[in-house]
Amino acid sequence: MTAALRVAIAEDSAILRDGLVQLLVDRGFAVTGAVAEPAALRSSVAQNLRLALELRAKHEGLGILLFSQYIETRYAADLLADDAAGIGYLLKDRVADVSDFVEALERVAIGGTALDPEVVTQLIGATRRSDTLSVLTAREREVLALMAEGRSNGAIAHALVISEGAVEKHVANIFAKLDLPVSDQDHRRVLAVLRFLES
């Protein structure tokens, strides 16, 4: 990790807030702020997600990792809709390893994604499936769901117990079936995930 990766924390639990500050400082992050009061935090989950949307609109490329007890599908979908790069949504009860949390934070900071599988499941369940994805096989939809969690081809291969070459073939089929040609302007993996979440 590069030194002085800057992080601002909004957390209403004093113990968790102080713990996160200490955890991140110990690992070389520069914590620029840690707030809890309603004016700074906007305590409800929906308000925090609206704040995240506002911050992304005002600061292009700003990485945001939501670390919540709850899943708010409407705002999560809005947050992911324009550009999923640099977005994370993890559930507090499901992060069992500090190194996983730190890795997710670093991934989001450099423009990657980190989505809890349960968040992905609820986002998919909250949206209607359209004919767009009906062209995909069941295996291709599984691969796309794992892509939506921010997993690499190697991690997808491990999760599905198939070769990395097979994953690459499925990903290529997904791009072709969703009409996502090679482009210098667009990131096909992100576009495929967005199509999946929007469908």
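Here is a short chat about the predicted model shown above.

Biologist: How many helices and strands does the protein chain have?
Modeller: The chain has 10 helices and 5 strands. Keep in mind that this is a predicted model.

Biologist: What share of the residues is buried?
Modeller: Of the 199 residues in the protein chain, 37% are buried.

Biologist: New topic. How many aromatic pairs are there?
Modeller: The count is 1 aromatic pair. F67 and F101 form it, with 4.8 Å centre to centre and 45 degrees between the planes.

Biologist: Why is that pair called tilted?
Modeller: Stacked needs planes under 30 degrees apart, and edge-to-face needs over 60. The F67 and F101 planes are at 45 degrees, so the pair is tilted.

Biologist: Where do the two residues sit?
Modeller: F67 is in strand 3, residues 64-68, and F101 is in helix 5, residues 98-109. They are 34 residues apart, so the pair links distant parts of the chain.

Biologist: Is F101 buried or exposed?
Modeller: Buried, because its relative accessible area is 7% and the cut-off is under 20%.

Biologist: Which residues does A81 contact, leaving aside neighbours within four places in sequence?
Modeller: L194 and E198. Also, the C-alpha atoms of A81 and V193 are separated by 9.6 Å, though the two residues are 112 apart along the chain.

How values were computed
Residues numbered from 1 in each chain as written. Predicted model: local features only at pLDDT ≥ 70, side-chain atom pairs only at ≥ 80, totals over all residues. Heavy atoms only, no water. Phe/Tyr/Trp six-rings, centres within 6.5 Å; stacked < 30°, edge-to-face > 60°. Helix = DSSP H or I, 4+ residues; strand = E, 2+ residues; numbered from the N terminus. Buried < 20%, exposed > 50% of the residue type's maximum accessible area, 1.4 Å probe, protein only. Contact = heavy atoms within 4.5 Å.
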